[in-house]
Amino acid sequence: MNKLLTVSHLDSYYGHAQVLRDVTLSIEEGRVAALLGPNGAGKSTAMMSISGMVRLSDSSRITFQGEEIQKQSSDRIVSKGIVQVPQGRGVFPGLTVKENLLMGAYMRKDKKETEDEIPAVLDMFPKLKERLKQPAGTLSGGEQQMLAIMRGLMAHPKLLMLDEPSMGLAPVIVDQIYEQIAAINRTGMTIFLVEQNSSIALDVADYAYVLSSGKIVREGPSKVLAGENLLDAYFKA
């Protein structure tokens, strides 16, 4: 299996404060990789580092499809097919569901085809089919998370990165969202998950990394990690 993304010796900073230290991980094409850990471990920082939003050390290396991207701008990274669905949904509340979906395709050149793709994307989350004209800010939290994932798919990503998709949602909604994440992966989409909810992430992921205090402290196939008591070992913030 080819490695789509490789992160090596990643050191990330907010101002002068170092958040990540020597983080190394990789994501195989067509698979789901998860980055797990407690609040404050640096999970979102790792994802934003890949997206080009955080200052990195000169020794940090991020390679996507064989090309180093750690010095490239965020919009350039998106144009290569790395699409991040941010923590907290991040929908445009004043825009309709349809307008949010179209915003996901703003960098695509095939503008005429984008609207034709909306029905297929909506099939993944049928709840929103009747709400295309509804402002996104009036949707429930779960519906906004569904919309955020669909908006990411409209960008035609090669790597879809999901930051805490279960955050603040009821268990039944989390189950629905993760069922669709698994379905999206079955289409061949490579997915990188950042999650605090380790149990549900390990059900979907093929391989997982555990981040604690800015460092990778454990990694392995998800089936192996699922049999360990990660909560007691690493998730005490």
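In the classification of residues used here, Ala, Val, Leu, Ile, Met, Phe, Trp, Tyr, Cys and Pro count as nonpolar, Asp, Glu, Lys and Arg as charged, and the others, Gly among them, as polar. The structure examined with this scheme is a predicted model.

The largest pocket of the model has a volume of about 610 Å³. Its lining is made up of 29 residues, of which V78, V83, G104, Y106 and A155 are the closest to the centre of the pocket. In terms of class, 15 residues of this lining are nonpolar, nine are polar and five are charged. Several elements of secondary structure take part in the lining of the largest pocket: the helices α2 (74–79), α3 (97–104) and α5 (141–153), together with the strand β7 (82–85), each supply at least two residues. Among the contributors, α2 provides the largest share, with five residues.

At least two residues of the lining come from each of the strands β2 (17–28), β3 (32–36) and β10 (207–212). The greatest contribution to the lining of the second largest pocket is that of β2, which gives three residues. Five residues of this lining are nonpolar, one is polar and four are charged.

Notes: Residues are numbered from 1 along each chain as its sequence is written. This is a predicted model: local features need pLDDT of at least 70, side-chain atom pairs count only at pLDDT 80 or more; totals for chains, interfaces and linings use all residues. Side-chain values use heavy atoms; hydrogens and water are left out. On a 1 Å grid over the protein atoms alone, a cavity is a set of points where a 1.4 Å probe fits but cannot get out, and a pocket is an open set with protein on both sides within 12 Å along at least five of seven lines; lining residues have an atom within 4 Å of a point. Grid points are joined across faces, edges and corners, and a volume is the space filled by probe spheres set on the points. Helices (H or I, at least four residues) and strands (E, at least two) are DSSP runs, numbered from the N terminus.
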